[in-house]
Every structure is written in structure tokens, then in C-alpha cells.
Amino acid sequence: MMEAQKILLLLLLCLNLVSSLVIAGAPPTCAANLDSKCADSDEWKGEFFPGIPKIKYEGPSSKNHLAFKWYNPEEVILGKKMKDWMRFSVAFWHTFRGTGSDPFGVPTKSWPWEDGTNSMAMAKRRMRANFEFIDKLGVDFWCFHDRDIAPDGETLKEANANLDEVVALAKELQGTKVRPLWGTAQLFSHPRYMHGAATSSEVAVYAYAAAQVKKAMEVTHYLGGENYVFWGGREGYQSLLNTDMGREIDHMANFFESAAAYKKKIGFKGNLLIEPKPQEPTKHQYDWDAATAANFLRKYGLINDFKLNIECNHATLSGHSCHHDIETARLNGLLGNIDANTGDPQVGWDTDQFLTDIGEATLIMLSVIKNGGLAPGGFNFDAKLRRESTDVEDLFIAHIVGMDTVARGLRTAAKLIEDGSLPELVRKRYQSFDSEIGQKIEAGKADFEMLEKKAMEWGEPKVPSAKQELAEMIFQSAI
């Protein structure tokens, strides 16, 4: 009996040892929260999103809210894979620095891995979360502001060192497949930029902004970024009584010229992008809408050095549709990238909601198809969760619905193009310009004397219907 007990005890000890070895050899699987020892280390490589699988395409009939219904990345539409039409990107600032705060309320969310600090350890932990999210979502791009991914410093030298350290980790984590769609310098939140950056009345601020952009361009290039964006969140004025607007706009043009020169010096091959900015409660802006930005580039001889980053919510705040600003940029040869978001038509500020309107997405994709795609640009989700959405799972759901909306827009746009009814309606509307005199007008070879002679010959013009209702019927039938 004693012998049997000894054997049983020995077996139990062996099983316990084997179990301990298995556990010790396995990667950590605990949740990334402050109660976990895993979260105390920069080097922790456990899951930040436990229970969230890699998001797969399951088709329109799927009821799984963690699956794509319309976005099938490898499917070929009009000769190009869906993922190549889209080139989706995750915005680091909204996804990993968003807190749910708004002009009327304090933050409502803090992700489980946050410790309430803006330390280097926290910055590295966020970067690890970023790449796990990207991997599970199945996209190849991300976008960042320098001060969102790394803390500022007491000096510019210290800020640059912080950025270098975090960027080194990002370089390691992104591997060879993932890269930034674009990077940028955050030139609006610090008090030094209260008068603007490139348009500041203080030359020391102008120089500091130039140095910050120089560094941000360098790290974007180092990470394999495909574009670099300028967003003038504070470029503008409160009152013209104390502002030399012409001088400030000239300074901004000089700033852009220096950026274009530095791009060539470091061998950065991607696009430099200017993001048109509407008037907002902060101040009168100098980025204007897409048409004004295009005119600015043309006036200062920058038209060959820059393209436009069109943000849909900015377009609507400027009194336009997103489709209008995208078409304006495209027709000027300036469509570089799209920040895919939308606003609430009843709310008068930049709410940065995820795009969910299939009709709007279809119009956007009609322009993207005409443009031949967006590469080296893409669709960046400059969009944030609603203040009331506080579950980590909501980050995935929001991106899934945004990606599915744009994908469905592509499918609908392709259907409209392949059907041909809408393009034919447009062709017929302008067919009078296919005549001999019409071709001379479009070639710039018809002077007023020639046109007067034709007007006398033809008499009162017969003006046909524009068939707008038919165009809308064709469009709505495709959705």
C-alpha cells in the first residue's frame, strides 16, 4: 500500500513538472492590462487583443461582426485586386491615442494597456498594440504624427532622440510587408504653435517647425513611407487687424519649397501632400478647399512638387461633397490620397466618423477608378470611435464597416461602369461638342468671329433635357 502511494506521488510530481515546463516555454497570453506583469515591460509580446481573430472575408450573407462582408482583398475588380484599389491604412492618432474627449467632455475611454502616462515605455507598448491590430485587421499601411508615436522633449534634441527610439521599434515590428502610407509632423497642439507654424509671426517658431518637419520626413523615409503630409491645423489668423496675411502666405509657400528641396536631397520618392482644411472654430485657415489649394500651388510654382490629401469631412465642412473635392483634385492632376471619414450634417465641426454611406463611397470610387487608383496614396481611416463606444472590440468593428463600405462602393462603381448606361448618358449630353465646330472650341481654335457666324447660321439653340432624374435612377438601381 505504501509503495503504491509512493508511485502515485511520484507520478503527480512528474505531471506537475511537465506542466510547469510547458507553461514556462509558451509565449505569454495574458491580457495587456495594468494588472498583468506582462504589461510592465517594454519587451512584452503577448496579445493586446485576446479573443479577436484575424479578420477574414466571409461574404454578404455573413452574420459575423468580426468578418468582412464586401472587402475581399485578393478579388480582382476591373483588372486590379481590391487591396490595390484601396491601400487601406490605420491612423495611429485616432486608433491608439483617441480618448473619446470632445469640446464638451473629458475622456471616456482608456484602453487596457494604457497606464495614464506619455512615457517612452507607454509609447513602445502602444506601438506593439498598433502592429498587432494591423496584423489582425489585415492591412499593409499605417499613418502617424511624430508626437503621437513618441513623447515630446524638453529640447528638440531630446524630442528627436525619443522619436528615433520609438521609430527603431516600429521598423522592427513592421517587417518588410507593412509600411507607413504617410507620416507627418504635429505642428498644432504645442503652445509654441498658437500663431501657426509656417505662418507664425515669430521666426524662431518657423525655424523650430522646419526642424521638426525635417526630422519627421527623415523617419518617414527610414520606415519606407510612401507619402508625407502637411496639415495646417493652426495656419491662419484670428483677426486681420493684426495680421499681414500676404506675408504669412508667402512664408508658407517658402516653407513648402524648402520641404520639396529636402525631399529630393534625402532621396524620398513618395508624394508630398497638402491637406485642404476648412474654416473651423479654432481660426480662419490658410489651407482652404481643394480648388483654392490647387490655385495656391499653381501660383507659387509648387504644382509639380505636391499633391492633395483629400479628407472627406473637411470637404463637407467647406460646403462641398467629398466627391466634389476628389474630382477637383483629380482634374487638376493633384489627387494623392484620401482620408476616408465623414461628418454629421447636423454638427458643425470635424467629427471624424467612419464612412458608412454606400452612395457616397460609390461616387468616391468612380473618381478613384477614373484616376487609375491612388498609388502611392491610399485610403487612410482618419476616423475615430464615437465617444460612447468604449470596447476594444469596437476598434475592429469600426474599421471593418469602413473597409466594407469603400469596398462596396468599388463594387457598385464597377457595376455602373460595366453596365455603361450612366457613361452613355453623360456622353450623349455633350455630343454636340463632338461636331467639327465643337472640336475646334475644345482645341482652342474657335475665335469669337467664327462662333458669331455659326450662331447667326444656327439661330435660336434647341436645348435638350439634362436627364438628371434618369441619372439618379441608374445610380440608385446599382446600389
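**Close-up 1. Ser367 sits in helix H12 of this predicted model.** Helix H12 covers residues 358-370. With a relative accessibility of 1%, Ser367 counts as buried. Who does Ser367 touch, once its neighbours within four places in sequence are left aside? The contacts are His323, Ile326, Glu327 and Arg330. Helix H11, for orientation, runs over residues 322-331.

**Close-up 2. Cys312 and Cys322 form a disulfide.** Searching the whole structure turns up one disulfide, and here are its two ends: the sulfur atoms of Cys312 and Cys322 lie 2.1 Å apart. Is the bridge left-handed or right-handed? The torsion about the S-S bond is about -45°, so this disulfide is left-handed. Cys312 belongs to helix H10 (residues 312-317) and Cys322 to helix H11 (residues 322-331), so the pair ties together parts that are ten residues apart in sequence. Both ends are tucked away from the surface: Cys312 is buried at 1% relative accessibility, and Cys322 is buried at 1% as well. Elsewhere in the chain, Cys143 is also buried, and its relative accessible area is 0%.

**Close-up 3. Phe49 and Trp113 make an aromatic pair.** There are 26 aromatic pairs in the structure. A pair of aromatic rings is described by the distance of the centres and the angle of the planes. For Phe49 and Trp113, the ring centres are 5.3 Å apart and the planes meet at 75°; over 60 degrees counts as edge-to-face, so that is the label for this pair. Phe49 comes from the loop between helix H1 (2-25) and strand S1 (56-57), while Trp113 comes from the loop between helix H3 (92-97) and helix H4 (120-137). That puts the two partners 64 residues apart, so to speak from distant parts of the chain. Phe49 and Trp113 are both buried.

**Close-up 4. Phe88 and Phe379 form a tilted pair.** Here the ring centres are 6.2 Å apart and the planes lie at 55°, so the pair is tilted. Phe88 is in strand S5 (residues 88-91) and Phe379 in strand S14 (residues 379-381). With 291 residues separating them, this pair links distant parts of the chain. Phe88 is buried at a relative accessible area of 3%, and Phe379 is buried at 1%.

**Close-up 5. Ring pairs link a set of aromatic residues into a cluster.**

**Close-up 6. Two lysines lie over aromatic faces.** Which ring does Lys80 lie over? Lys80 is over the face of Trp85, at 4.3 Å from the ring centre. Lys171 lies over the face of Tyr222, and here the distance to the ring centre is 4.8 Å.

**Close-up 7. Lys269 is an exposed loop residue.** The loop in question runs between helix H8 (245-266) and strand S10 (271-274). Is Lys269 buried or exposed? Its relative accessible area is 76%, and anything over 50% counts as exposed, so Lys269 is exposed. Lys269 and His221 are 48 residues apart in sequence, yet their C-alpha atoms are 8.6 Å apart in space.

Key:
Residues are numbered from 1 along each chain as its sequence is written. This is a predicted model: local features need pLDDT of at least 70, side-chain atom pairs count only at pLDDT 80 or more; totals for chains, interfaces and linings use all residues. Side-chain values use heavy atoms; hydrogens and water are left out. Helices (H or I, at least four residues) and strands (E, at least two) are DSSP runs, numbered from the N terminus. Buried means under 20% relative accessible area, exposed over 50%, partly exposed in between (1.4 Å probe, protein chains only). A disulfide is a pair of cysteine sulfur atoms within 2.5 Å. Rings of Phe, Tyr and Trp (its six-membered ring) pair if their centres lie within 6.5 Å; planes under 30 degrees apart count as stacked, over 60 as edge-to-face and the rest as tilted. A charge sits over a ring if NZ of Lys or CZ of Arg is within 6 Å of the ring centre and within 35 degrees of the ring normal. Contact means heavy atoms within 4.5 Å.
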